[in-house]
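User: I'm new to this one and would like to learn how to read it. Could you take me through it feature by feature?

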Amino acid sequence: MTKYLFYPGCSMDASARAYNDSLMAIRDPLGLELEEIQDWNCCGATEYLGISVTPAYALISRNLALASKQANGSHTVVASCSACYLNLTKADHHMAKQPDMGERVNQALSAGGLHYTPGSLQIRHLLDVIVNDVGLDHVKSKVVKPLQGLRVAPYLGCMIPRPDYSGRLSDHEYPNELDRLLRALGAEVIDFPLKTACCGGHIPQISPATAFDLLRRLISAAAQYNADMMVTVCPMCQLNLDAYQGEMNRFFNTKYHMPVVFFTQLVGLAFGFDAAKLGFGKELVNPRPALEKIGVEVPQPEETKARQKKVKKTGLPMPVMPGDEEVSE
Amino acid sequence: MTTASLETQTQGLENPHLSFLEEVSEATAGESRLDMCIQCGTCGGSCPSGADMDHTPRQLFAMIRAGMREEVLRSNTPWMCVSCYYCTVRCPQEIQITDVMYTLKNMAIQSKLFKEATAPDFSQTFIGMVENFGRSFELGLASVHYLKHFPLRLPGMMPMIVGLLSRKRIVLAPHRIEGMDQLKTILARAKELEGQS
């Protein structure tokens, strides 16, 4: 067992509960000992940085200070959310590179009896830890139910590969870590050209038309590659692609049905865990048909009263939007 | 005009607007390298939300250089930035563009120069929750924000809201961290240091 200080971030207990459930299931077979940072606080996402510099970095750094105090035997912080991961690395990076800023942040921390020495912790994303520390050989050795026949689009989004201050991934725009991991699970992995394109982050709350356009780009590309599902490493990407897919479909009058799951859920399936233990059933876009293909039983989600809008049959040859042919009746 | 004569010409001029560029650079976390911009446009060409910006980042940097403070701070460009960092990793001059966008948001809020309140309100509501609980609180945030800015979207969003609630993906009550007093003290000191208390 290798020990890590774990920073879950706010969404793991809420919208990304499936990520949390599946991670908790697979940590033992992966040999990961995750010790949660006691009383961690929100990293401020992409919001605080745009309001005020020192408070934003002080907010992030309280977590780093707590982690280094707690650090019994481990100096590696692992974050499961990409935005949290980036913010933690960002604070560490800027405090180290700009000593006067580091000084100011530490002055603020000292008001609460805390201190953080930049560079004293290594901050990693869960994907990086699984691929590079645990290793794909170990992952392969634990696979009891290869995901043969499942066609997946690996989707990383932005904040792990970019800016990637300490160069942990193989590339800023076309990294292969997630592809290799999914291939080790036996899945059929699409060489997905938009694997690091943006899901929009907070933009559905600001400019919906912009957001829907970004979501359609990703979902239509995955559909055109005949992906059974998209696989993400980030709670924000999953929420945007999964929860806003319905609103996006109404906006463009399309009928895409592209399930979006967390990579840890697929690791769990390949390791032979029950789908219900891995948070399946929490998606808004049901992955059941896709998983039935490989003989996985998924718990039926509590159905909502959401009605599917029917396309009017005009009898005339009408232009077809990409995705119309994806309808599963 | 030869390069040499252009240089003599600009050297002689006092540039009264230079200070805005310096001001933006100073206020940016990390080294902005904003003065290194060669106006190549890689940033705008890489931007996923560029089409909805009133000025591309390249234009905005030229405007910063020209000292067009008010126009820059009124621009929707920083507010449309999705923090994807494509521009940052592609910039041949290694300008920390995303961090500069954060700076411009700070400055626009400070001088109340933003044109449209949706994005600044979202950030401030989000942070309000964090400053009170130490964690984000999506239900509170979404209720306040959507009722104020997108009431007409709510009917269409009902399937999603019901779906997330029934799958327990929305937490009904905020989680307050134990060290809330400590966090408040830290943030108060940080605001003092920032000159914003």
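**Strands and sheets**

Analyst: Let's begin with one pair of residues: A:Val152 has A:Val189 in β6(A) as its bridge partner. Before going on, note that this is a predicted model, where local features need pLDDT of at least 70 and side-chain atom pairs count only at pLDDT 80 or more, while totals for chains, interfaces and linings use all residues. Residues are numbered from 1 along each chain as its sequence is written, with chains lettered from A and ligands numbered from 1 in the order in which they are written.

User: How many bridges join β5 of chain A to β6(A)?

Analyst: First the general idea: strands of a sheet pair through backbone hydrogen bonds, either parallel or antiparallel. Here two bridges join β5 (residues 151–155) of chain A to β6(A), and the two strands run parallel. Strands count as paired if DSSP finds at least two bridges between them. The names come from DSSP runs numbered from the N terminus: helices are H or I with at least four residues, strands are E with at least two.

User: What is the order of the open sheet of four strands in chain A?

Analyst: The order is β6-β5-β7-β8, with parallel pairing. At the edges sit β6 (188–189) and β8 (260–262) of chain A, each pairing on one side only.

User: Which strand of chain A is joined to β1 by three bridges?

Analyst: That's β3 (residues 76–79) of chain A, which runs parallel to β1 (residues 2–7). Within this pairing, A:Leu5 has A:Val77 as its bridge partner in β3(A). On to the next strand: β3(A) and β4(A) pair in the parallel sense over four bridges, and A:Val77 has A:Ile123 as its partner in β4(A).

**Packed helices**

User: What angle do α9 and α10 of chain B make, and how far apart are their axes?

Analyst: In general, two packed helices are described by the angle between their axes and the distance between the axes. For α9 (residues 118–133) and α10 (residues 138–149) of chain B, the angle is about 155° and the axes are 9 Å apart. That makes α9(B) roughly antiparallel to α10(B). Axes are lines fitted to C-alpha atoms, for helices over the stretch in contact, and angles run from 0 to 180 degrees between N-to-C directions. As for the words, under 35 degrees is roughly parallel, over 145 roughly antiparallel, 65 to 115 roughly perpendicular, and the rest oblique.

User: Is the crossing of α9(B) and α10(B) left-handed or right-handed?

Analyst: The crossing of α9(B) and α10(B) is right-handed. Right-handed means the near helix is turned clockwise from the far one by less than a right angle, and left-handed means anticlockwise.

User: Which helix of chain A comes within 10 Å of α8(A), axis to axis?

Analyst: That's α10 (residues 245–252) of chain A, crossing α8 (residues 208–224) at roughly 100°. So α8(A) is roughly perpendicular to α10(A). A:Phe212, A:Leu215, A:Arg216 and A:Ile219 of α8(A) make the contact with A:Gln245, A:Met248, A:Phe251 and A:Phe252 of α10(A). Contact here means that the C-beta atoms of two residues, placed from the backbone, lie within 7 Å. By class, that contact has six nonpolar, one polar and one charged residues. Ala, Val, Leu, Ile, Met, Phe, Trp, Tyr, Cys and Pro count as nonpolar, Asp, Glu, Lys and Arg as charged, and the others, Gly among them, as polar.

**Domains**

User: Where are the domains of chain A?

Analyst: Chain A is divided into domain 1 (2–126) and domain 2 (144–326), with bounds from an automatic or database domain assignment. Their C-alpha centres lie 27 Å apart. Across the boundary, 22 residues of domain 1 of chain A touch 24 residues of domain 2. On the domain 1 side, α1(A) gives the most, with nine residues.

**Between the chains**

User: How many residues does each chain give to the contact?

Analyst: Chain B gives 60 residues and chain A gives 61. On the chain B side, α12(B) gives the most, with nine residues. The chain B side has 29 nonpolar, 18 polar and 13 charged residues.

User: At what angle does α2(A) pack with α12(B)?

Analyst: α2 (residues 53–70) of chain A and α12(B) pack at about 150°, with axes 8 Å apart. They are therefore roughly antiparallel, and α2(A) passes α12(B) in a right-handed crossing. Residues of α2(A) that meet α12(B) include A:Pro55 and A:Leu59, and those of α12(B) include B:Leu183 and B:Ile186.
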